[in-house]
Amino acid sequence: MSSDTLAKVPVDPQIPPERAETLRIVPHRRFGQWTAAVVVLVLLGFAVDSVLRNDAFQWDVVADCFTADSVLRGLWLTLWLTAVVMVLGFALGALLAVFRLSANPVLRAVSWGYVWLFRSIPILVQLLLWFNIGALYPHVFGVKTVDLFSPIAVAIIGLTLHEAAYAAEVVRGGILSVDRGQIEAAQALGLSRWRRLWRIVLPQAMRSIVPPAGNMLIGALKGTSIVSVIAVSDLLFSAQLIYHRTYQVIPLLMVVTIWYTVVTSLLGVGQYYVEKHFARGTKAAR
């Protein structure tokens, strides 16, 4: 309905038609909102201008180092480490979630204890403990621990065990979100427990699992930067090696910042389409 048509609609049946023709509907003026928007845009403009025109950022150095070989190798290691940790973490987390929902009290207790323990210890402390595991167990199966646990192995083990604790709760929450009637219907068809879980429960649970799992993936990507403390040549550590040599700290940190922003943005787009895929047939998909 156009504004001209709206202007001719009488607001009260008691108003004579000839007078209703002269009435006009005036939209509410939101001066406060427009003023706040203008102020925010002005402040944002000043911030962007200060960043672009500040010589301390050394944008020419940022451009030169953005695709440096060592930086790209560090980026590749970061992506590879994130993928391995998320796959292993969710595989272990799914197993722990099944244990937590099991009728066996021992399995439930073990799962609960694992989640409680690894969510209680900071990831940095976990990595340092694994990095210094040789002080507790100098030999494992006749092999020196220092030879068995390289920095990369320590990073994979530490991050995987940490992510599995959170993945277990994500998967458990997704399974519990499935309507009980669906499970009872599958039982009535004579499907086994594992077939019910794989064919009925998990496909529906993915609607609730994907959003927090996507957030975990992005968090894991950024969290891998912590492995630089154990000398794993990830993106941050590669940048640190350069600025320890050139003393150009700010531009190298900007290189790292931009790369993380680009990758997380791409992951966010992928998460949107994955969520849309699993939300087919629901209101969220429209």
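**Exercise 1. Find which residues of α11 and α13 meet, and work out how the two helices are oriented.**

*Step 1: the residues.* On the α11 side, the contact uses Pro-203, Met-206, Arg-207, Val-210, Pro-211, Gly-214, Asn-215, Leu-217, Ile-218, Leu-221 and Lys-222. Facing them in α13 are Tyr-260, Val-263, Thr-264, Leu-267, Gly-268, Gln-271, Val-274, Glu-275 and Phe-278. Keep in mind as you go that this is a predicted model.

*Step 2: the classes.* Sorted by class, the contact of α11 with α13 holds 12 nonpolar, 5 polar and 3 charged residues.

*Step 3: the geometry.* The axes of α11 and α13 lie 10 Å apart, and the packing angle is about 180 degrees. Angles over 145 degrees count as roughly antiparallel, so α11 and α13 are roughly antiparallel to each other.

**Exercise 2. Describe how α9 packs on α11, and name the residues that make the contact.**

*Step 1: the geometry.* Helix α9 covers residues 151-176 and helix α11 covers residues 193-223. Their axes are 8 Å apart, at an angle of about 140 degrees. That angle makes α9 oblique to α11.

*Step 2: the hand.* α9 and α11 cross in a right-handed sense.

*Step 3: the residues.* From α9, the contact takes Glu-163, Tyr-166, Ala-167, Val-170, Val-171, Gly-174 and Ile-175. From α11 come Leu-197, Val-201, Leu-202, Ala-205, Ser-208, Ile-209, Pro-212, Ala-213, Met-216 and Ala-220.

*Step 4: the classes.* This contact of α9 with α11 comprises 14 nonpolar, 2 polar and 1 charged residues.

**Exercise 3. Now turn to α7 and give its relation to α9.**

*Step 1: the geometry.* Helix α7 spans residues 123-131; its axis comes within 9 Å of the axis of α9, and the two cross at roughly 140 degrees. α7 and α9 are therefore oblique to each other, and the crossing is right-handed.

*Step 2: the residues.* α7 brings Ile-123, Gln-126, Leu-127, Trp-130 and Phe-131 to the contact. α9 answers with Pro-151, Val-154, Ala-155, Ile-157, Gly-158, Leu-159, Leu-161 and His-162.

*Step 3: the classes.* The contact of α7 with α9 has 10 nonpolar and 3 polar residues, with no charged ones.

**Exercise 4. Characterise the largest pocket: its volume, its lining and the helices that supply the lining.**

*Step 1: the volume.* The largest pocket has a volume of about 520 Å³.

*Step 2: the centre.* It is lined by 23 residues, and those closest to its centre are Phe-90, Val-171, Leu-202, Met-206 and Ile-209.

*Step 3: the suppliers.* α5 (69-100), α9, α11 and α13 (249-278) each contribute at least two lining residues. The largest share, 11 residues, belongs to α11.

*Step 4: the classes.* In the lining of the largest pocket there are 20 nonpolar and 3 polar residues, and no charged ones.

**Exercise 5. Do likewise for the second largest pocket.**

*Step 1: the volume.* The second largest pocket holds about 350 Å³ of space.

*Step 2: the centre.* Of its 13 lining residues, Ile-175, Arg-180, Ile-183, Arg-193 and Val-201 lie nearest its centre.

*Step 3: the suppliers.* Two or more residues come from each of α9, α10 (180-188) and α11. α11 gives the most to this lining, with 5 residues.

*Step 4: the classes.* The lining of the second largest pocket divides into 9 nonpolar, 1 polar and 3 charged residues.

Notes
Residues numbered from 1 in each chain as written. Predicted model: local features only at pLDDT ≥ 70, side-chain atom pairs only at ≥ 80, totals over all residues. Heavy atoms only, no water. Axes fitted to C-alpha atoms, helices over the stretch in contact; angles between N-to-C directions. Helix = DSSP H or I, 4+ residues; strand = E, 2+ residues; numbered from the N terminus. Parallel < 35°, antiparallel > 145°, perpendicular 65-115°, else oblique. Left-handed = near helix turned anticlockwise from the far one by under 90°. Contact = heavy atoms within 4.5 Å. Nonpolar A, V, L, I, M, F, W, Y, C, P; charged D, E, K, R; others polar. 1 Å grid on protein atoms, 1.4 Å probe; cavity = no way out; pocket = protein on both sides within 12 Å on 5 of 7 lines; lining within 4 Å. Points joined across faces, edges and corners; volume = space filled by probe spheres on them.
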